Amino acid sequence: MARPAATPPTATPPMLRRVNAGKLLGVLAKAGVMTGTGLIEATGLTRATVHAVCNDLISMGWVVELDPGRDTSVGRPSRRFEYNSSAGCVLGIDIGAGKTTVLVSDLRGETIAKVVRSVSGDPTAAERTEIVHETVVEALETAQVTDAQVLAAGAGVAAPVDRDGNILVDDEFWRRFDAGLSRRLTELHGWPVLLENDANLAALGEHWRGEGRNVGDLAVLLASERFGSGLMDSGRLLHGSRGGAGEMVYLKLVEGVGDTHGIARIAREHGAAAVADPAVETALRTLAADRPVTAELVFTAADAGDEVALGILEYVAGRTARVVATLGILFNPELIVLGGAVAAGAKSLLPEIEQQLAGFTSTPPRVAVSSLGDAIVSVGAVRHALNYVEQNALDLRLSCRPG
């Protein structure tokens, strides 16, 4: 017997009030000062609803009403509203394998402080949580912000995360990001921690402030040490049934790729192998001297015309083109953005990638390189936290209100 379809929740007055408050705050956060008429046009809400919700938000400290100023029109001057972006703060946390980054931002997403800490070795989940905690404490001190002023934190982890913020932990690599991390940070600081997959946050960041602005169908490919992808369909993140949408383990089955190793790792390993072979003449040997070969050194040598480095990057570009092609064929995005710490160097790979794409698919996506650099995940984490704040404003208590 077929199970009856789920009944959609009834739109109760409290629910509508929350939704409308979120709409208004979202518009005000982007637009700055707006009149009541402007908010009506931007949200599609009635005049009575806009003014009623704005009055609520003013009384709670989220919105400031400004002097209407000089108005030559007949009748009552238009009310003018501004988002109180200093009413609180949010954090954007990137919990990477090799480092932890914390951004402290105001409610417009403007960065107040940024702190980065390197992570050495392979810490346990408990040790990693302590590293994140210490980085957060340093970032708050740098920003001169207290825990009471923080409304929420977005946090990116290199693991599948479902729509409810739960980590799939049935893989050895993902167990290092244990789900207890979110709970423990909330216990230590008092604010909610919203876990999300790092590549998904990269997609949010690109869509908000990167190359993917105004692009609804978008894929972001984190391409440094390990490939990972975040997918957006019509401006909404794709999670899949258990948070695995965009997981790149399928690359092990793709001819010419064979694993999930990213651009930086492949360039570094091939560069190190060339330096270790005495029969190979390459400028990399001189550049590396007594230090390890890095992807940056390979890109530098290629820029200087070193044939070995150029050959490595040609191979990397061909391999990356296959990864980009599979995403393009499977998900058909308008744009695929290469992101992560390797993004700046990856610009030199674009011509070869685009040339090879034409041979894989008749409808290749546009390909671009992120301008957000290694902040791509933490910027997306800030956007994730801001979304939560705007959607739950009526339930959040502000520690300070305008005088």
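Predicted model: local features only at pLDDT ≥ 70, side-chain atom pairs only at ≥ 80, totals over all residues.
**View 1. Helices α2 and α3 pack against each other at about 110 degrees.** Here helix α2 covers residues 36–43 and helix α3 covers residues 47–60, with their axes 9 Å apart. That angle of about 110 degrees is why α2 and α3 are described as roughly perpendicular to each other. Their crossing is right-handed. On the α2 side, look for Gly36, Thr37, Leu39, Ile40 and Thr43; these meet Arg47, Val50, His51 and Cys54 from α3. Sorted by class, the residues of this α2 and α3 contact come out as 4 nonpolar, 4 polar and 1 charged.

**View 2. Helix α4 crosses helix α6 at roughly 40 degrees.** This one shows α4 (residues 125–143) and α6 (residues 180–189), whose axes come within 10 Å. With a crossing of roughly 40 degrees, α4 and α6 are therefore oblique to each other. The crossing of α4 and α6 is right-handed. Helix α4 brings Thr129, Val132, His133, Val136 and Val137 to the contact, and they meet Leu181, Arg184, Leu185, Leu188 and His189 of α6. The class tally for this α4 and α6 contact is 6 nonpolar, 3 polar and 1 charged.

**View 3. Helices α10 and α11 pack at an angle of about 115 degrees.** Zoom in on α10 (residues 295–303) and α11 (residues 307–331), and you'll find their axes 7 Å apart. The crossing of α10 past α11 is left-handed. From α10, the contact takes in Val298, Phe299, Ala301 and Ala302, while α11 supplies Ala309, Leu310, Ile312 and Leu313. Going by class, the contact of α10 with α11 has 8 nonpolar residues, with no polar and no charged ones.

**View 4. Arg209 and Arg383 both sit over the ring of Trp208.** Centre this picture on Trp208: the charged end of Arg209 is placed over its ring, 4.1 Å from the ring centre. Arg383 also lies over the face of Trp208, at 5.0 Å from the ring centre.

Terms used
Residues numbered from 1 in each chain as written. Heavy atoms only, no water. Lys NZ or Arg CZ within 6 Å of the ring centre and 35° of its normal. Axes fitted to C-alpha atoms, helices over the stretch in contact; angles between N-to-C directions. Helix = DSSP H or I, 4+ residues; strand = E, 2+ residues; numbered from the N terminus. Parallel < 35°, antiparallel > 145°, perpendicular 65-115°, else oblique. Left-handed = near helix turned anticlockwise from the far one by under 90°. Contact = heavy atoms within 4.5 Å. Nonpolar A, V, L, I, M, F, W, Y, C, P; charged D, E, K, R; others polar.
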